Structures are given as structure tokens and as C-alpha cells.
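Thank you all for coming.

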Amino acid sequence: MAAEPAYTVASDSETTGEEKSSSPLSEISIGIDIGTSQCSIAVWNGSQVEVLKNTRNQKLMRSYVTFKSDFPSGGVSNQLAHEYDMLTGATIFNMKRLIGRLDTDSVVHASKNLPFLVQTLNIGVRPFIAALVNNMWRSTTPEEVLAIFLIELRAMAEVQLKRPVRNVVLTIPVSFSRFQLSRIERACAMAGLHVLRLMPEPTAVALLYAQQQQQAVHENMGSGSEKNALIFNMGAGYCDVAVTATAGGVSQIKALAGFTLGGEDMLQNIMHHLLPEMDNLFSSHGIEEIRKIGLLRVATQDAIHKLSFQPSVQINVDLGNGIQICKVLDRNEFEAVNQKVFEKCASLIGQCLREAKVEVEDVNDVILVGGCSYIPKIKSILTSVCKRGELYAEMNPLEAAVCGAALEGAVASGINDPFGSLDLLTIQATPLNIGIRADGNSFVPIVQRNTTMPARRELIFTTVHDNQTEALIIVYEGDETVEETNHLLGYFKITGIPPAPKGIPEINVCMDIDASNVLRVFAGVIMPGAQHPAAPFMEVRMPTVDDGHGWCAEALHRTYGSTLDLITVQKKVQK
Amino acid sequence: MPTSVISFYQPKFGQIHCPFFSNMSIPSHRTPHKGKAAAARCCQRRMDATLGEHDRNYYTLLGVSIDSTSQQIKEAYRKLQKKYHPDIAGQKGHDRALLMNEAYKVLMSRDMRRQYNASIGWFQNSFGKDASGVDYSVWNGPLRPQALFVDQNACIGCRECVYHARNTFTMDESLGCARVKVQYGDDETEIQVSVDLCPVNCIYWVDAEELQVLEYLIQPHPKKGYGIYGQGWERPTNVFMAAEAFKKQLKQQAANRQI
């Protein structure tokens with residue numbers, strides 16, 4: 001039915017070639033901020049960062065793709081006649097919330113009341129997502145939707161810059177797992193884009209902050225000494241916090257924290273508050289239900305936006321069949337319904353400050369960005385947790401991330417600016433622990449979170465059985481102590497361990513993360529006293545798992561049990 | 001002896017951090033990794049090999065002096081990152097950035113820095129003062145492989161060296177002989193003149209790593225007495241031999257600890 005897609009699909013491995021742009025100006029990477037609801041694109045134009053506008057003169061474009069006839073079209077070029085057009089079932093949005101998630105994920109389940117089809121089987125595979133085209137459900141994937149959208153963005157940028165665009169710096173949420181990142185890279189590959197960096201959103205903001213501080217020094221306004229900043233970024237889908245130390249144009253990320261939490265959650269909470277039986281009413285996902293859920297969604301969204309600027313708002317929606325909602329929603333009620341969301345925000349800030357080992361009093365600037373920054377309660381949380389009257393006001397909250405990404409794009413492409421405006425650097429930190437399964441069912445981190453990148457860490461393990469000749473290395477990423485609740489990145493087997501009593505062979509596992517966040521795991525066996533390893537070392541690039549990785553871990557358990565287990569060796573460092 | 005001396009024989013720079021992978025180059029993603037076996041054999045070769053003589057420790061790597069404050073270390077680290085970070089230098093900056101991150105982490109943490117200092121043979125000044133009143137020399141500028149040492153057994157107290165390099169040597173009036181106050185306190189020609197002019201040739205160039213032991217041993221130590229006889233102060237007649245023995249003893253102690 002659908003015609004050949006208008007893009008080519010490249011393989012994963014092609015996205016990460018060693019093509020360090022050997023730097024004519026045409027190779028400057030552009031910065032793209034793909035938000036759950038809105039998207040923008042910016043580029044270093046030779047003297048400053050310029051946020052590109054689409055043909056309708058918008059800097060911020062809605063992130064969605066409408067599957068109408070033969071060719072899908074996205075929010076870059078397409079003008080919606082009315083907000084309600086977005087809710088006919090033919091439009092897919094919120095792909096950033098869905099990408100790289102399994103159908104057992106609670107975020108996917110919460111997405112079931114979006115006005116398109118999201119089906120789950122709860123078995124750990126990708127959810128079934130479909131758009132209504134000519135009264136037929138046409139299946140798609142978040143990657144495909146994102147790729148279609150990226151193609152439009154790319155075309156728009158190429159027209160304006162009058163040159164081909166290939167390298168991009170994309171901003172991503174802090175809480176994204178490596179598997180999700182690989183899905184983003186995949187979408188970029190499908191759109192013919194090469195990912196130079198995937199940059200956590202608050203670190204992009206931190207880079208912009210570093211540049212502003214640097215300029216202030218040049219204009220003799222700033223002191224030039226080190227400044228700590230706390231960055232809080234909350235959009236429609238994700239909430240991120242970063243603490244950075246900035247001096248001389250170098251932004252050193254001290255700690256990162258993030259969670260899948262945003263305006264979408266508030267929207268869902270309010271919708272459930274207005275219509276408690278919503279999930280039952282709309283569970284059948286017929287055309288009529290989609291229209292109704294769309295009506296409710298638009299009305300609620302509108303109300304939340306208005307609540308940022310006025311104390312109360314009147315909501316009137318007629319959903320037919322005698323369901324009518326007439327209600328005055330005021331700020332207190334809104335805040336009470338979303339109390340958990342706000343509590344989580346406060347706890348994320350606290351966690352980030354603790355892990356950065358920075359006292360609130362030592363934070364020089366508190367920066368609030370993202371679509372949720374207009375919500376009064378978010379502002380008051382930030383001012384109260386960080387104990388200050390004023391927030392940093394030198395940034396456009398909706399453009400800060402994309403500007404930072406464009407700066408990083410220029411810096412990492414090797415562009416120099418005669419006025420020193422690009423004399424910048426971000427020193428990133430790892431957002432999540434990475435480790436392997438060992439000591440029974442435990443997750444043993446090898447690279448702790450908030451380790452400065454590039455990073456390399458190693459740990460020595462040993463066998464648990466006599467004459468064990470093989471060992472399974474299962475690599476996970478996450479913050480939990482039990483291995484099952486973390487993200488599986490991949491697994492491989494070390495073979496050729498010389499037969500020996502348990503505890504004698506030393507199995508050395510080393511993880512290496514480079515500046516573009518590529519993770520390599522090295523593993524090998526060394527017998528005590530031997531000069532050379534017993535078998536060739538292995539180098540494995542992670543993640544290696546693809547879809548359905550929920551099954552893999554179970555299958556490994558079932559098949560191998562504890563026969564290939566490892567335990568950590570007590571460190572031999574004498575104190 | 002304070003127990004901290006035990007950590008003298010902690011692994012040296014480069015061994016601390018991933019010895020087995022320390023000089024594996026990071027292959028580009030596309031090119032086939034030709035030397036898996038070769039890379040794995042790197043365990044015996046140290047980071048020194050890849051980085052050259054002057055980068056042998058964290059202080060020289062960051063280009064700071066051994067007594068610099070954390071503020072100075074921070075600034076130096078940032079300045080170097082701007083030169084060597086892979087964002088700027090490309091993939092070839094990876095190994096160096098790794099090392100700098102490790103160095104920064106160690107030197108910014110008070111405990112890890114103390115431990116590291118001990119491992120490269122440098123005690124915090126406080127150790128000398130608090131524990132035994134030993135006068136250690138301090139360093140001017142970055143740590144170098146060679147250091148000056150006066151064998152006070154041989155020194156006749158002629159003051160020739162103090163006269164020619166007054167910022168480097170000082171006269172210990174109570175002992176009647178000279179000692180090094182500041183390593184490289186004067187420029188190299190002045191120092192060389194002092195060394196050459198010493199009438200008994202008691203000024204030696206020694207390994208920086210040896211220096212702490214030598215300076216510790218050359219101080220007069222209380223002598224065990226028998227009844228009223230034999231009490232007083234003594235120092236080893238041949239300080240270099242004594243240093244060898246002392247190190248052996250430490251090694252033994254460390255080994256015993258491990259067991």
C-alpha cells in the first residue's frame with residue numbers, strides 16, 4: 001500500500017565511523033534538539049549561534065509526523081490547520097518517550113491513551129505502534145517516525161545553509177540508556193545523518209553558560225574565577241539536572257541526574273483528574289474514542305499552558321454520550337494533583353547536588369530551561385531548594401539546549417573563532433553506572449556514574465567453580481544493585497580459561513568510554529605469575545543486544561544457570 | 001617509623017590504572033583491529049613507554065609542582081584539557097585525556113593524593129615535621145627525575161655551595177653542615193657550580209624517588225644505649241648503602257602485610 005519510503009536505511013555501524021571532520025567550514029556540525037513536543041535546529045554561522053527558522057518563520061517546530069496519503073509529512077514543513085488535526089489518529093508524536101522502550105515499560109503503558117495506536121503484549125518486545133491512514137492502521141516504529149522528521153529538518157537546514165548537512169550533535173535526556181541511544185543513532189542513520197555527539201540536554205546548556213561566562217570575562221564584567229551552576233531542564237517528556245563547574249570556557253560536568261518525567265506526565269495526571277474513568281472509556285481505541293481523547297487532550301494542554309500565566313482556568317469539553325466536563329481548575333488544584341511530579345523534581349536536584357559534592361551555597365547560578373520552566377511551581381521549587389531569590393535570566397529557556405548543541409558541534413568539528421568565542425570545551429561525565437553481573441545475581445559497577453569522560457576502569461574477577469574453563473560476561477547499565485532491573489547492554493563468553501581451582505584465574509574486565517561515549521569492554525584471563533594472558537583478550541563494543549533483550553537475560557539464566565559465574569576479587573591494594 | 005612509609009611501594013604511575021590495558025591504543029571503529037594478541041601482551045610495558053620520560057608522574061603530566069594547591073591543579077587540568085581533549089585533539093587525545101582524568105581525580109582528593117605522593121616517594125611536609133622533625137627539601141617547579149642530595153657525613157661545612165646557590169642550599173648550623181633546602185631553587189648553572197666547587201664532592205645527583213629515603217636516613221637518629229654508654233645520635237656511615245637496606249626492609253614489611 002504505502003509507496004517506497006523516501007529515505008535509505010543505512011546499517012548501524014555506519015553511523016559511527018571515524019570520520020573526524022577534517023574541517024572545511026562546510027563540515028560544521030549542526031545542533032538539533034529533538035524534544036518530546038517541540039524541536040529546534042541551530043548552527044554556528046561563523047560568528048555566533050543561529051537558530052534556524054522554517055518557512056513559516058518558526059524557530060520551534062512541533063515534533064510529529066502525520067501519515068496521510070503516500071508520503072508522511074512532519075511538523076517542520078507541514079502546517080496544521082488546527083490543533084485537532086493532530087489528533088485524528090494519523091499523527092504520531094511523543095516518539096522521544098517511546099523510542100527504545102519495551103512493551104513492559106510503564107512509560108509505554110502510559111502512552112496508550114495517546115491518539116494513535118499503542119499496543120503491548122507485556123513480553124519484552126517493542127510495542128506495536130500504528131497510525132490511522134485511510135481507515136487502516138499502518139504500523140510504524142518510533143525510529144521511523146523520528147527518521148522522517150529528521151529528514152525534514154535536514155532538508156530545511158540544507159536549503160538555508162546552501163550546503164549538504166551530514167554531521168549532527170543531538171541533545172538527549174540524561175536518563176536515556178545506551179540501548180535508547182543506539183535507537184536514536186539508528187534513526188539518524190536512516191535520515192542519512194552522522195551523529196558526532198549525543199549530548200545530554202543540561203550539558204548543552206552548561207556549554208552555553210560557559211560561553212556566556214567567557215564572554216563576560218572578555219568584556220571585563222565577570223571575575224574569571226570558577227563558577228558552579230545548577231541546570232534544571234524539564235520538557236514535555238524528561239527532566240534532567242546537571243551540576244557544572246565552569247572556568248575559562250571549560251564546562252566540567254560534576255554530576256548528572258535524570259528521570260522520565262515531564263509535562264506529559266502532568267498532562268496525563270490532569271486528564272485522569274478531570275475524567276477518572278478515562279482509561280476504561282477509551283480502551284477500545286476506535287476512531288470515535290481517538291477523537292474524544294484528542295479533544296480532552298487539547299483542552300487539558302491548553303488549560304495547563306494558561307495556568308502558567310493566570311491563577312485559574314475554565315475547562316469546557318463536550319465528549320458526547322453525555323460526558324461533559326465543565327470545571328474551573330486553579331493552580332492549587334493543579335499542584336496538588338501533580339504533587340508527586342514536583343516532589344520527584346526536588347529530589348532529583350538534591351541527588352545531583354549531593355553527587356557533585358557541591359553545597360547549595362556554593363552554586364553561583366541556577367539555570368532553569370525547558371518547556372516546563374514557565375510553570376510557577378517549578379520555579380518556586382528551584383528557588384526554595386537552591387535557597388535563592390533569583391534564577392539565571394540570560395538564557396532563552398526554549399533555545400538554550402539547541403544553542404549549546406550547535407556550539408559543541410562547532411567545537412568538536414575543529415572550528416576556531418578568531419575572537420575566541422569557540423574557545424570552549426565540555427568535559428562530560430557518565431550518567432549511569434556500567435558494570436557486569438557477578439557475585440551471584442548482583443550488579444557490580446565497573447564505571448561508576450558521574451565518572452569524568454573519557455574514562456577507563458578495570459576490575460578483576462575470578463571463577464566460582466573448580467576447573468571452570470568458560471565465563472560469561474553480562475554487561476548492564478543502570479543504578480540498581482540487582483542486575484535484573486538494569487538495562488542489559490550485551491554479553492559474551494570468555495573461553496580458554498586454564499583448568500585451575502576456583503579463585504585462581506584472574507579475569508580482568510576493563511571498560512573504556514571515549515569522548516563520543518562509545519563503550520568498549522575488554523576481557524581476558526591472566527593466570528597468577530604468568531607474563532602473558534592465557535588466551536587472547538576480547539574487545540566488545542556495546543551495546544550488542546538488539547530488540548527483545550528482555551528475553552536474552554532470562555534465556556542466559558535458564559541455559560547456563562551459575563555454571564559460568566564470576567565473583568569479584570578482593571582488591572589487593574594494601575592500605 | 002610511621003606506618004605510612006609502607007605505602008612507599010604502592011604501584012608507580014601507570015600501574016595504578018589498568019595496567020593490562022594501559023597502552024592499548026584505541027582502534028578506530030572501521031579499521032580491523034589487527035593486534036588483539038599484541039595489545040593484550042602489553043601488561044609488562046608501562047605508560048611511561050607511550051608518554052615519554054618527562055610525563056612519568058601525575059604532577060609532571062599536569063605540569064604542576066608537587067606542592068601546588070588544588071586550585072592550581074584545577075586550572076592546569078582545564079588548560080591541558082583544552083589542548084588534549086578528544087573533542088579538540090581528535091581520537092589521538094583519548095589516552096592522554098584518560099590519564100589526565102585519572103591524575104586529576106587522584107590529585108583533587110586529599111586522601112588519594114597523599115597515598116599517591118607516598119607511592120612516588122614524596123611525603124607530605126607534615127610527615128617530616130609532625131613525626132620526626134626531619135627536614136625534607138621542597139621542590140621549586142615541577143618534579144624532575146633528578147634531585148640534589150648532600151651527604152652530610154662527608155660535608156665539612158665550608159659553605160661554598162650556600163654561597164653560590166643560596167636559594168638551593170642552606171647551612172644547618174646545629175649540625176655544622178649544608179643541606180638542600182629547595183630543589184632547583186636556583187638556575188642550573190649556579191647549582192652545577194656549587195656541585196663542582198664542593199671540596200669533598202659530597203653533593204650528589206640522585207633519583208627523585210630515592211631522595212625521600214636518603215633525606216630521612218641522613219638525619220641523625222637517636223642511638224640505642226647500653227646503660228650509660230653509647231647513647232647519643234648517629235647516622236649511617238654510608239647513606240646510600242643504608243637506603244638500599246632500608247628499602248629492602250620496607251618491601252619485606254609490605255609483603256608481610258599482604259599475607
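**Sheets and helix packing**

Let me begin with Val65(A), which stands opposite Ile92(A) of β7(A). This is a predicted model, in which local features need pLDDT of at least 70 and side-chain atom pairs count only at pLDDT 80 or more, whereas totals for chains, interfaces and linings use all residues. Residues are numbered from 1 along each chain as its sequence is written, with chains lettered from A and ligands numbered from 1 in the order in which they are written.

Val65(A) and Ile92(A) face each other where strand β5 (residues 64-66) of chain A runs antiparallel to β7(A), the two being joined by 3 bridges. Strands here are DSSP E runs of at least two residues, helices are H or I runs of at least four, and both are numbered from the N terminus; two strands pair if DSSP finds at least two bridges between them. The sheet concerned is open and has 3 strands, in the order β6-β5-β7 (chain A), with antiparallel pairing. Its edges are β6 (73-74) and β7 (91-93) of chain A, and since each has a single partner strand, one side of each is left without a neighbour in the sheet.

Stepping back to the whole chain, chain A contains 13 helices and 28 strands. Its radius of gyration is 25 Å, close to the 25 Å that the globule rule gives for 575 residues, so chain A is as compact as a globular protein of that length; the radius is taken over C-alpha atoms, and the rule is 2.2 Å times the number of residues to the power 0.38. The C-alpha trace of chain A spans about 80 × 65 × 50 Å along its principal axes.

Now, what is the strand order in the open sheet of 5 strands in chain A? The order is β18-β13-β14-β15-β19 (chain A), and the pairing is mixed. At the edges stand β18 (365-369) and β19 (425-427) of chain A, each with a single partner strand, so one side of each has no neighbour in the sheet. From one strand to the next, the twist averages 25 degrees, where angles run from 0 to 180 degrees between N-to-C directions and axes are lines fitted to C-alpha atoms, for helices over the stretch in contact. Within this sheet, β14 (residues 239-247) and β15 (residues 250-259) of chain A pair in the antiparallel sense over 9 bridges, and Ala247(A) has Val250(A) in β15(A) as its bridge partner. Helix α5 (residues 201-218) of chain A packs on the sheet, touching β13 (227-234), β14, β15, β18 and β19 of chain A, with a direction that makes about 30 degrees with that of β14(A); residues are in contact if their C-beta atoms, placed from the backbone, lie within 7 Å. Helix α10 (residues 339-356) of chain A lies across β13, β14 and β15 of chain A and runs at about 140 degrees to β15(A).

Helix α5(A) meets a helix as well: its axis and that of α12 (residues 400-412) of chain A come within 7 Å and cross at roughly 75 degrees. The two helices, α5(A) and α12(A), are therefore roughly perpendicular to each other (65 to 115 degrees; under 35 is roughly parallel, over 145 roughly antiparallel, the rest oblique). Their contact comprises 9 nonpolar, 2 polar and 2 charged residues (nonpolar being Ala, Val, Leu, Ile, Met, Phe, Trp, Tyr, Cys and Pro, charged being Asp, Glu, Lys and Arg, and polar the others, Gly among them).

In chain B, helices α4 (residues 70-84) and α6 (residues 94-108) pack at about 170 degrees with their axes 11 Å apart, and α4(B) and α6(B) are therefore roughly antiparallel to each other. Among the residues in contact are Ile73(B) and Tyr77(B) of α4(B) and Met100(B) and Tyr104(B) of α6(B), and the contact divides into 9 nonpolar, 2 polar and 1 charged.

Lastly, some backbone details. Most residues other than glycine have a negative phi, and most peptide bonds are trans. Met453(A) and Pro454(A) are joined by a cis peptide bond with omega about -5 degrees, and Pro454(A) is found in the loop between β21 (442-447) and β22 (455-463) of chain A. The loop between β21 and β22 of chain A holds Asn450(A), whose phi is positive, near 65 degrees. A cis bond also joins Met542(A) and Pro543(A), with omega about -5 degrees, and Pro543(A) is in the loop between β27 (538-542) and α13 (549-560) of chain A.

Methods
Two residues are in contact if their C-beta atoms, placed from the backbone, lie within 7 Å.
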